[in-house]
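Hi there,

Here is the structure I promised to pass on to you. Have a look at it first, and then read my notes below.

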Amino acid sequence: DLLTLCFKQHDYFMLRKMQSTTEISSLIDHSVLHPTAGQKELEEGIQVAKKYSVASLCIKPWMVSFAAKQLKDSPVKVCTVIGFPSGGQTTKTKVFETKEALEEGATEIDLVINISKALDGDWAYVYDEIKQVKQECTRSNAILKVIFETDYVEKDSDKQKLCQICSELEAEFVKTSTGFGFVKDSSGKFSTRGATVPDITLFKNNISNKVQIKASGGIRSLDELLKMKDSGATRIGTSATDQIMKDLFNRLANNH
C-alpha cells in the first residue's frame, strides 16, 4: 500500500507518496570522503550502505579494493572520486586514477573537472579531459558523474556550458559539488554552499534527457534531500545517511 507523508519545513509542505523506504535509500550515494576518514570510518560506512541498500558507497580511492570485496554480494555499488577535491591534477593523472579505481572494483566514477580551466574558459581542455575519463569508464561499463564544483564555478553561463559538454559526451550524471569547496567569507571563516535548488533547476534545463543529476554538498536532512529530489536530482551525495533514514522511519511511524 502507498504511504502518504506530510513534511513541513519553514512553512513549506511537501506531500510524498512512497511504496517503501527504498524510494529514498536508492537515491543515496553514502559518502566517506572526509580527509581524516580511515579504516574505521570505511568499515562503518560499508555497514551503513548495506543496512539501507543505498545506490552506492562513495569513497576515497585507497578504500576501493577493500570496499569492493566487502560489497561483492551486495546491490550497493562502489563509487570513488577522481581529481578530488580540487580538480587540479593533469588529465593523464586523472585517467590513471580512473583506470586503477576501475581495476580495483569501482563501478561508478565521480570526476572533479579542472576548475581553473573552466573559470579560464578553456573549454577545449575541459572537454578533452572529461572525454578521456569517459572513455575509460565506457571500456569498463562504469558510470561517470562529472562534478562542476558550483562553490567556485558560479556563473550560470559556465554551468550551462558544462551541461552542454557533459550531454555531448554522454556522461551519465552531472553533479553539483564535492562538499569541500571552501570559500573564505569577509570574517575570514571558511564555509561551503554545496547543492542548491537553483543549480539543480539550471542543470535540469540544460542537460539532455540521457543525463541525470546528482546533488551533493551540505545535504544532511530528509527535508533537504526531498527538496533536491523535487527539483530533479536522481542521486543524492551525503554522509548523513543514517540520520536521514532514521528521520524517515520516524515520520513513517508517526503518520502510519
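**Around helix α7**

Just after α7, Glu170 takes a positive phi of about 60°. Please keep in mind as you read that this is a predicted model. Glu170 is not a glycine, yet its phi is positive. You will find Glu170 in the loop between α7 and β8. Its relative accessibility is 42%, so Glu170 counts as partly exposed.

Now step back into the helix itself. Does the length of α7 fit its number of residues, or what span should we expect? Helix α7 covers residues 156–168, which makes 13 residues. At 1.5 Å a residue they should span 18 Å, and because the end C-alpha atoms are 18 Å apart, the two values agree.

Which residues of α7 are buried? They are Asp158, Lys159, Leu162, Cys163, Ile165, Cys166 and Ser167. As for what they pack against, the buried residues of α7 meet α5 (115–120), α6 (123–139), β7 (143–147), β8 (173–175) and α8 (197–206).

With a relative accessibility of 4%, Lys159 counts as buried, because buried means under 20%. Lys159 also forms a salt bridge with Asp156, and the closest N and O atoms of the pair are 3.8 Å apart. The two residues are three apart in helix α7, so about one helical turn separates them. Asp156 is partly exposed, with a relative accessible area of 44%.

Side chains of opposite charge can pair when their charged atoms come close. How many salt bridges does a search of the whole structure find? The search finds 22.

One of them joins Glu44 and Lys40, whose closest N and O atoms are 2.9 Å apart. Glu44 and Lys40 are four residues apart in helix α2, so they too are separated by about one helical turn. Glu44 is partly exposed, with a relative accessible area of 40%, whereas Lys40 is exposed at 55%.

Asp122 and Lys117 form another salt bridge, with the closest N and O atoms 3.5 Å apart. Here Asp122 is partly exposed, with a relative accessible area of 28%, and Lys117 also counts as partly exposed, at 26% relative accessibility.

Some salt bridges link up into a network: it includes Asp29, Glu108, Asp110, Lys145, Lys175, Lys214 and Arg235.

**Inside and on the surface**

The largest nonpolar core has 74 residues. Which of them touch the most other members? They are Ile24, Leu57, Ile59, Ile109, Ile130, Leu144 and Leu225. Take Ile59 as your example: leaving aside its neighbours within four places in sequence, Ile59 is in contact with Val32, Leu33, Leu42, Val64, Ala67, Val78, Cys79, Thr80 and Val81.

There are nonpolar side chains on the outside as well. Leu119, Tyr152, Phe182, Val183 and Phe190 form a nonpolar patch on the surface, and together they have about 460 Å² of accessible area. Val183 is in strand β9 (residues 183–184), and at 35% relative accessibility it counts as partly exposed.

Arg139 lies in helix α6 and is exposed, with a relative accessible area of 60%. Arg139 and Lys99 are 40 residues apart in sequence, and their C-alpha atoms are 9.7 Å apart in space.

**Two backbone details**

Where is Ser53? Ser53 sits in the loop between α2 (39–52) and β4 (56–59). Ser53 is not a glycine, but it has a positive phi of about 50°. At 37% relative accessibility, Ser53 counts as partly exposed.

Is the peptide bond from Phe84 to Pro85 cis or trans? This bond is cis, with omega near -5°. Most peptide bonds are trans. Pro85 has its place in the loop between β5 (77–82) and α4 (91–103).

How values were computed
Residues are numbered from 1 along each chain as its sequence is written. This is a predicted model: local features need pLDDT of at least 70, side-chain atom pairs count only at pLDDT 80 or more; totals for chains, interfaces and linings use all residues. Side-chain values use heavy atoms; hydrogens and water are left out. Patches are made of residues with over 30% relative accessible area and no salt bridge: like charges are joined within 9 Å, nonpolar side chains (Val, Leu, Ile, Met, Phe, Trp, Tyr) within 5 Å. Accessible areas come from the Shrake-Rupley method with a 1.4 Å probe; for residues, only the protein chains shown count as cover. A salt bridge is a side-chain nitrogen of Lys or Arg within 4 Å of a carboxyl oxygen of Asp or Glu. Buried means under 20% relative accessible area, exposed over 50%, partly exposed in between (1.4 Å probe, protein chains only). A nonpolar core is a set of buried Ala, Val, Leu, Ile, Met, Phe, Trp, Tyr and Cys residues joined through side-chain atoms within 4.5 Å. Contact means heavy atoms within 4.5 Å. The expected span of a helix is 1.5 Å times one less than its number of residues.
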